[in-house]
Amino acid sequence: MANLQKSISSPQELLRDKAWARWTALVLLASAMFFAYIFVDVLSPLQEYLQSTKGWDPSAYGRFAGSETFLNVFVFFLIFAGIILDKMGVRFTAILAGAVMVAGGFINYYALTDSFMESGLKNFMDDFVNLPDTWWNITPFYDGMPASAKLSAIGFMIFGCGCEMSGITVSRGIVKWFEGKEMALAMGIEMAVARLGVAVVFLGSPAIATFRDNISVSRPIALSVLLLLIGLIGFIVYSFMDKKLENEMGSNGEVKDDPFKISDLKYIFSSKVFWIVALLCVLYYSAIFPFQKYANNMLQCNLGISAEAAGRVFFVFPLGAAAITPLLGNFLDRKGKGATMLIWGAILMIICHLTFAFVLPATRSAVIAYSAIVLLGISFSLVPASLWPSVPKLVDNRLLGSAYAVIFWIQNIGLYAFPMIIGAVLAATNPGVENAMDYNYTVPMLVFASLGGLALILGIILKALDAKKHYGLELPNIPSEKSLEAEVESAEG
Ligand SMILES: C[C@H](N)C(=O)N[C@@H](CCCCN)C(=O)O
């Protein structure tokens with residue numbers, strides 16, 4: 001109805017009504033996310049080389065990997081990012097987020113260069129950036145951690161602020177350009193492009209690091225900082241389009257929201273349906289991204305194969321998700337069924353993790369491994385394709401940036417905690433195991449399956465609540481011609 005009212009009161013065509021313009025805006029926003037996701041995982045396939053050339057043992061690597069979410073979770077950066085987004089708008093926040101990613105990326109690159117190793121800063125990091133390594137220590141540094149890992153962690157945590165800030169800004173930007181149009185398809189394409197970034201990196205990063213048999217871990221990271229810079233330029237170009245659209249909206253009598261006030265955050269925090277979505281998000285994603293960190297080794301242990309071979313099996317996961325997410329987004333735009341898709345996504349995830357827990361160790365079958373990974377890819381399309389486009393149906397537009405930010409913040413807590421929890425569970429259930437190929441992953445996989453079980457319960461509650469309160473989660477984003485005609489008739493008479 002809101003869209004219909006907008007179209008009744010705004011006869012002049014806006015920039016976002018032109019297909020070429022809104023899809024160009026999407027290309028600019030999605031490219032920046034593609035480059036960001038490349039950076040997120042650029043070092044993931046290089047663990048072995050980080051150890052041999054920079055002395056990073058598994059704990060140094062683990063602390064570095066966990067640092068990405070540190071400032072977002074513990075310094076509440078994501079909450080501030082949401083407030084900045086709602087107060088300052090998409091274009092300011094996009095450029096800020098892009099610049100923060102470049103700055104963090106550059107620090108991470110510098111930490112891995114020879115110049116850093118010869119600098120006074122290295123000695124400073126060795127001597128002064130130390131914290132006692134006790135069991136409760138959740139900081140990204142510990143005494144004895146290589147200086148390059150410490151500075152990399154600082155760079156990565158700054159990058160993580162920019163990356164998550166970009167994530168919420170891009171979602172907000174897509175709503176701005178695609179609301180009432182192909183919104184879920186656009187979000188699906190944006191996420192698909194990001195997944196391609198992850199797939200590209202697992203093949204490209206080792207090839208670039210070992211170019212001409214001269215191993216350099218700083219080479220792929222230098223290239224990805226360059227890509228982040230291109231992403232920032234994309235955000236700057238986007239900001240001109242955003243400005244033009246906003247000017248048109250102002251001069252066209254387009255619905256103007258009340259300005260955002262921080263006290264309005266109480267509407268988000270007091271909304272029951274918002275909490276259900278946020279909890280569903282943290283439970284579901286905690287069984288996906290942290291699983292990704294252990295998947296290679298889990299496949300190695302269950303199938304008795306090398307890390308490279310396991311990587312090739314797991315490669316179909318981001319690729320499959322990239323292929324299916326836009327199709328499901330398109331389905332959601334035209335047919336709806338968002339809450340049902342969330343439920344099916346959780347069911348498929350439970351089946352996959354239970355297969356990894358019980359069936360794979362018993363059969364050691366590559367066919368079963370591939371089938372489960374493909375199913376998980378479908379699950380990882382169903383949930384993101386329906387979750388993110390559903391948020392605008394639950395939250396007022398002017399609070400949308402903050403709403404995405406709070407969901408990301410809660411999700412980031414899970415993303416920070418679960419890699420550690422799973423590591424601890426793996427160690428506790430495999431006492432005395434020394435060879436990394438000999439781990440039994442049944443209990444960790446059961447933990448992931450339980451997260452899926454809880455997400456499923458929340459999905460069912462969400463669907464029931466939607467049926468009662470009519471949020472429209474099961475309705476299409478693009479109103480059918482019939483329903484538009486009916487609305488026009490009722491508006492006229
Ligand atoms: C990790 C990040 N917080 C996240 O949730 N990413 C989502 C995409 C959210 C939409 C970004 N515009 C993902 O599925 O990767």
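1. Overall make-up. The chain has 22 helices and zero strands. Helices are DSSP runs of H or I with at least four residues, strands are runs of E with at least two, and numbering starts at the N terminus. The radius of gyration is 23 Å, close to the 23 Å that the globule rule gives for 493 residues, so the chain is as compact as a globular protein of that length. That radius is taken over C-alpha atoms, and the rule is 2.2 Å times the number of residues to the power 0.38. The C-alpha trace spans about 75 × 55 × 45 Å along its principal axes.

2. Basis of the model. This is a predicted model, in which local features need pLDDT of at least 70, side-chain atom pairs count only at pLDDT 80 or more, and totals for chains, interfaces and linings use all residues. Residues are numbered from 1 along each chain as its sequence is written.

3. Burial and contacts. Buried residues make up 50% of the 493 residues. Buried means 20 or more other C-beta atoms within 10 Å of the residue's own, exposed means 12 or fewer, and partly exposed is in between, with C-beta atoms placed from the backbone. Among contacts between residues at least 6 apart in sequence, 85% join residues at least 24 apart. A contact needs C-beta atoms, placed from the backbone, within 7 Å.

4. Two domains. The chain divides into domain 1 (15-256) and domain 2 (263-493). These bounds come from an automatic or database domain assignment. The domain centres, taken over C-alpha atoms, are 21 Å apart. Their contact takes 34 residues from domain 1 and 35 residues from domain 2. On the domain 1 side, helix H5 (70-74), helix H6 (77-88), H10 and H11 each give two or more residues. H11 gives the most, with 13 residues. That side has 20 nonpolar, seven polar and seven charged residues. Here Ala, Val, Leu, Ile, Met, Phe, Trp, Tyr, Cys and Pro count as nonpolar, Asp, Glu, Lys and Arg as charged, and the others, Gly among them, as polar.

5. The core. Which residues have the most contacts inside the largest nonpolar core? They are Leu-29, Met-33, Ile-174, Leu-280 and Tyr-284, in a core of 161 residues. Such a core is a set of buried Ala, Val, Leu, Ile, Met, Phe, Trp, Tyr and Cys residues joined through C-beta atoms within 7 Å. H10 gives the most to this core, with 18 residues. Leaving aside neighbours within four places in sequence, Ile-174 is in contact with Leu-26, Leu-29, Met-183, Ala-186, Met-187 and Glu-190.

6. The ligand. Residues around the ligand include Glu-164, Glu-190, Tyr-285, Trp-388 and Gln-411. Helix H10 (147-178), helix H11 (183-209), helix H19 (366-394) and helix H20 (400-429) each supply at least two residues of the shell. The largest share, four residues, comes from H10. By class, the shell has seven nonpolar, three polar and two charged residues. Each domain gives the shell at least three residues.

7. Two loop residues to check. Asp-213 is not a glycine, yet has a positive phi of about 60°. Asp-213 is in the loop between H11 and helix H12 (218-251). Asp-213 counts as exposed, because it has 5 C-beta neighbours inside 10 Å. Arg-364 also has a positive phi, near 50°. Arg-364 lies in the loop between helix H18 (338-363) and H19. With 14 C-beta neighbours inside 10 Å, Arg-364 counts as partly exposed.

Technical notes
Near = placed C-beta within 6 Å. Contact = placed C-beta atoms within 7 Å.
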